[in-house]
Amino acid sequence: MNNRLNSQTEKMSKVLDHQLKYTRWLSVSLICVFAWSGSTAFALDTPIDKFVRDFCIKCHGADTQEGDRRFDALTAKINTPDDALLWQEILDQLNQGAMPPEDEKQPSKEELLAEVDAITQSVSDAVQRFKGTGAHTALRRLNSFEYRHTIGDLLGLNVAGWNPTADFPPENRIAGFDNNAAAQVTSGMLLDHYFVAAEEAIQRATVFGPKPESKNYAQKSPFYFEGKAARDLPKLFRTDRYRWISDKGYDDLQARHYRGGHIGFEPLARGGAPQSGLYTIRIQAAAIDRTHPYDFLKDFRNGDPIVMELAAVNREGSVESTGNITTERTLALEELTSDQPQWFEWTVDLDCGEEPEVRFRNGAPAAKGLAFKLGKNVKGHPELEAIGKLGKGEIALAMLKAYRGPKLRIWEIQVAGPHLDQWPPPGHALLYGSLKPEQISRSNIQDRLRVFAEAAFRRPLRQGELASIGKLVFNKIDAGMQPLDALQLGFQAILCSPAFLHLHEGTGTLGDYALASRLSYFFWSSMPDQPLIQLAAAGKLHEPGTLSNQVDRMLADPKSQRFVQNFIRLWLDLDHIGEMPVSTDFVSFYRDNINAAMRAETEMFFRHILDNNLSPREFLAADYTFLNRELAIHYGLPPLEGVQLRRVSLPQGARGGLLTQASFLTASANGVDTSPVVRGVYVQEKLLGYTPPPPPPDVPLIEPDASGAKTIREQLAMHRANATCASCHRKIDPFGFPLENFDAIGGWRENYSKDNKIDPSGELPTGEKFQGITDFRSLLVARHEQFTRSLTEKLMTYALGREHTLADRAVIDGIMKDLSSNKGGFKDLVRAVVLSESFANN
Amino acid sequence: MALAIPVFDSLNVGFAASPRSDQPRRLICIGNHLGFWPDGFFPSADGSDYPISKTLAPLKDFRSEFTIFSHLDHDAKGGHGAVHSFLTGVKKEESAGFPEKNISLDQVAAEHVGSATRYPSITAGLGEGTDMCWNRAGVRLPPVNNPARLFEALFVESNAASKTSQRQVVANRARMLDALRESAKHLASNLDAADRSKLDQYLTSVRDVERRLQMSEAWLDKPKPKSPIEAIKDEERMQIEEIPLFMDLMTLALQTDSTRVATFEIPLGFHTNELDVGSYHGLSHHSKQEGLLSQLQIVENYLMTQFAHLFGKLKEAGLMESTLVVIGSGMGNASNHSNRDLPVLLAGGGLKHQGHLVCPAEDRKRIQLSNLWLSTLQWFGVERERFGRSTGTFSPMEIV
C-alpha cells in the first residue's frame, strides 16, 4: 500500500511542474507512453475532447507527436495524475495563447473560453480528488551548503575561513535546486568526507587551556626579505629578479601570482593566526601614479582609483604553484585616491591558520609580465630609456624600479587580536561543559554525548538512540584509549550519524521540532536556534501568529543572507558565472572584480524588495538597481565612486529589473558569446516558470560561421524555415533576441562585428511585437502575475526540498489570490509560503 | 560470447589474442573537454593507408598501433553539459534510469582489479579536470592535479609514525562504522518506505567505506616500489610542464603495477596562454575564422605530441602490448556544441589496428560508442554483457 501511494505521489510530483528540465521531460514522456499503450480509441465525446480533437490531435495524435505530446487517449474525466499533467499543460498553452499555432485552424473566442473554463474546472476537481495522496519530502540530507553552515552554527566555527565541505562531491540538482531529496545521493565517498570533516570540526572546536591573550603584531617596510630572514617564508616574501628590499620606508606591491601585486604579513606568516576570532587590522597605504604615461598598459584604466583588497589566506599544505595558498577570501575592499599615506582599519573574523595579505585588486599584470611589457615599450619613456643595456638578471628589476605606472604603496601593517568575549567559546562549552580533560570519565561521558547529540539532532533524543555510540566510546576506553579521545570519537560519530545528516520530517502534519528545522533550513540553511527550539518544546511554534513572528525575526537575522544568496544562486543558476572560463577579451571581468559585484547587485536588489515588502512585480519593473563604480562603468552609466554598491536610479532606457542585470545576462551566456536560444529558454524558465521542450532528436545544430558573415539571427531564420524547427523556435528565440544587445558578461553592444548590426526586435508567440529590450521589458511586466506564480513555485521548491505537486498547486492558487487582493509584497509572499498547508505538512 | 554486428564483420578491429598471459591487462583513458576540431582530426579516407590528418600528424610514427573511429557517439545532447558522458554513455541527469547509474569505463575496470593493486585506479588531470570518471553511486571522482602528489602516492613511503596513526584511524573508523550502522537501524524503525530507501543509501555507503578500508588496510604494510626516476618536487609549474610529467607517472604507475587503470583529463580551462595562443574556450568558438583555427591547431598539435610522448614511454616500458589507450572526448564539435561524431582513438592493447575505421553514419545503422566500451571491458577481462547504452559488443573479440 505504502509503495503504491509513493509511486502515486511521485507521479503527482511530476504534474504541473513548469520548470521541467530536459531529463524530467524524458521521464514524463515515458510515463505518457505507458498511459497510452493499449488504448488508441478516442475517449468519450465530451466538449473537452471535441476541442482537443478539432484543434490538437493533428499534431499531437497517433501519427505525429509534436514536442513529444500525444493527446488522443485523454479522457475528459481526469483519472490519473498523469492525465492531470497533460491537461494542465494544455490549459497553460491555451491560456498563454501559444496554441494552436497561428498557421493552424483557430478556435473561436467563445470556443476557447468555454474550453479553458471546462479544463480549469476539471483539473481543479482532480486536484481535490488527488489531494489526499499528499506530497512528501523523503528523508532529506543536508546538502553541502547546509552542512557547512550547520557545522559552523553548531560548533561556533568560522566556516567562511574553513570550509568543511570543500572536497565534498557536488550535489545533484532538479530544476536547478540542490536540496531536492529525490535527487540526493549519499555515497561512500561522501561518507569518507564526513569522517574527515567531523574529525576536524571537533578538533577545531576543542580549546582546553586558558583564554589566549590579545596580541599586537606589526610590520613596517621592508616587506620583502632575503637570506636567512627569508628562509622559511613563502616565495611571495622573498627578493628575486622582480623584488627588492626597500630603503625608503615604504614598499610598492610587487606581484607574483596576483595581478597588480600582493604582500604578506611576516609576523603571522608561519602558521597564521594562532586562534580564531576577531582581529583589528590596520594598513597605512597610498595610491601612487594613478595617472600614467603608458598607453600600452591596458590592464589598468588610466586615472582609476587603486583598489586595495584585504584578503585572508591560509597556506597550510600549499604549493608554490598556487602562490603558496590553499584557501583565500576577500575580507575588505577599499578604493584609494590619495598619494599621501593614510591609515585604513577593519575588524575582521580570522580563522585559526589564516593570515592577512594585501593586494592591488585592479593592478597591472604580475611583475614578470609587467617587466616584459615595459622592456618592449621603452620608446618615448625617458625613465625607461635611461636604463640602457643591462644583463638579463638586472634589467627587470631596473625596469620595475623606474616604472611610473600605478602602484599601491604600503608603509605599515598592524594586526591586533584575537578579541574574545567568551571563553571557552560556545562550541567547546557545548562539547565539554566546564570539564577539564582529566575530569572526563565514564560517569559524565553519557551526559556530554547526550547534550551534544540533542543539539546536533535538533530535537530531543529518542529512547536508546545513543546506545550504539555510547558503546563505541566505552569499548574504546576499555581497550585503553584516553577518555577524552574516546569521547571525541563519539562526537565524531554523532556528526556522521544519519540523524544529524538528515532532516526527518515524517508524514502528515509536521511536529514542532521538524517545523523548526524546516523553517531554519529555509531561511538560514542551518539548524534552528534556541528561541525556535524553545517554541517547539512548548508546542507553540505551529501557531500561525508565532510562525508569522518567527518569519520576521528570522529574516531580520543576518543569517537570512544565506537564504538570499543561496536561493538566488539556485534560482538563476548563478554558478554558471565563471564556470565556463570568461574570455580574456573581457578585460574588465577580471580586472574590475565584476563577477563579485554582479552577484552582489542581484543580492542587494532581492534583499531590497524583500525587506521593503515591495511587489514582486518590482523584480521585472524596477527603474533602479545597485551599483558601485566598476559596475556603473560596465553598464555605461554616469560615474560613481567607491567599491560599495548603493542604490542608483536608472535613466530611461535599456537597463531595469532583473532582466538586464549583469548576473542574469552572464549566467545565461557562456563567457564567450551569447545565443538567443539559450537565453530565450533561460528567460522563460527563470522568469515565467516555463521550460520549452528540448530539440527533437537529430535536428541539425547551428554551426557558428563568421566567415559567411551571417548573424546568429539570420542563421536562426534559416533554421526556422524548417517547419518542425519553427514550431518551437518561434516560442523560444523571441525571448532571447531582445537580450542580444548585451554581451556575454552583460555589457551593452550594438554590433556583433563591424558589419553585423544587432537586431533586437521580435514578436512573442502571442503576437505582441517589440523593437528591443525596453518594449520587451514592458511585455514581461504585463505578465508579472505569471512571474510571481513562478517565483512562488520556486520558493516552495526551495523551502520544501521537493518539487511542487498538484496539491501544492491549489495552495499556490490560494497564495496568489490573497496576494493580489491584499496588494501584498514579496515579504508577504514569503510569509504566506511559511503559513501554507504545504509547509505545515509532509 | 561476443555479439558480432553482421555489417561490420569485414571491419573487425580484431581485438586479437591476449598478449603473454603473465602480463595483466591495463587501461589508460584520456579525455579532452573540448575535443578536436573535426575537420582537422578525422582523416579524409578510411582504411589503414589513410593519409594522416593534420591534427594526428604528431602520432604518425605509431600509425600501425592505433585506430581512429568515425561516427561513434552516445547520441547525447547538451554541449558542455554532456561531455561528462564520454566514458559513461549516460549523462548524470539520466543516471537514475540505469542500474549502474553513470559509472564510467575506467571505474568498471577498476572494480574488476579491486585490491589486486595498491590503487584500483589513478585519476589524474589538469586543474579541475572535465568530470570524466564516475563511480557506481553516480559520484564523480575528481582528478589528482599535482604531479608531485601523484608521485608521492606512488613512490613515497609514509614514515613509521604516520603508518601507526593511519592504522589507528582505520581501526577507529571501523568501530565507528559499526556504531553508525546501529544508529541507522534505530532510525529506520521510525521511517516509512520512501524514507527508508534514502536510509538504505546511507547503509550502502557504510558498507562501501568498510570495504575500501579493508582494501587499504591490506596495502598499508606492503612497501611501495622504488621510483625509477628522480622525485618530482612540489613546485610552481606551467600546465604544459605538468602534462609530460603526468604521462610519465601514468606509465610508471602501470609499470610498477601500482594500478592497472589510469585516466587523464584536460579541462576547458587548459592554460593555452602558455602556448602563446588565446584562451582555449575562446578558440573553440572559432566560428571558422582562420586566425582562431590556426591557434586551435597549435593547441591540438601540442596535445597530440604529448600523446605521442606517452606512446613512446609505454613502448619503452614494454607496456604498449598490454595496455589499451583510449583518447577522445565527449565533445564532437565544440564550435557548435555538438556531442555527435565524437573523436575516438584506441591504441595499443596488442590489437590488430585498422587505421581509420569509418562506422555507419546513417541513423539506423549507427553503432553506439558504449558497444566499443563494452568490448574494451571484455578485453580487459571483465565479464559482462552490458555497459552504458550498449546494444552489443563492437567489435567481436576473442577473450582468452
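User: Which residues is Gly249(A) in contact with, leaving aside its neighbours within four places in sequence?

Analyst: Two residues are in contact if their C-beta atoms, placed from the backbone, lie within 7 Å. For Gly249(A), neighbours within four places in sequence aside, these are Ser221(A) and Trp411(A). This is a predicted model, in which local features need pLDDT of at least 70 and side-chain atom pairs count only at pLDDT 80 or more, while totals for chains, interfaces and linings use all residues. Residues are numbered from 1 along each chain as its sequence is written, and chains are lettered from A and ligands numbered from 1 in the order in which they are written.

User: Is Gly249(A) buried or exposed?

Analyst: A residue is buried if 20 or more other C-beta atoms lie within 10 Å of its own, exposed if 12 or fewer, and partly exposed in between. Gly249(A) has 11 within 10 Å, so it is exposed.

User: Which residues touch the most other members of the largest nonpolar core?

Analyst: A nonpolar core is a set of buried Ala, Val, Leu, Ile, Met, Phe, Trp, Tyr and Cys residues joined through C-beta atoms within 7 Å. In the largest, of 146 residues, they are Ala201(A), Ala493(A), Ile494(A), Ala109(B) and Met250(B). Apart from this core lies another of 85 residues, including Leu510(A) and Phe735(A).

User: What does Ile494(A) contact beyond its neighbours within four places in sequence?

Analyst: Ile494(A) is in contact with Phe452(A), Ala453(A), Ala456(A), Ile469(A) and Phe500(A).

User: How many residues of chain B are in contact with chain A?

Analyst: 52 residues of chain B contact 51 residues of chain A.
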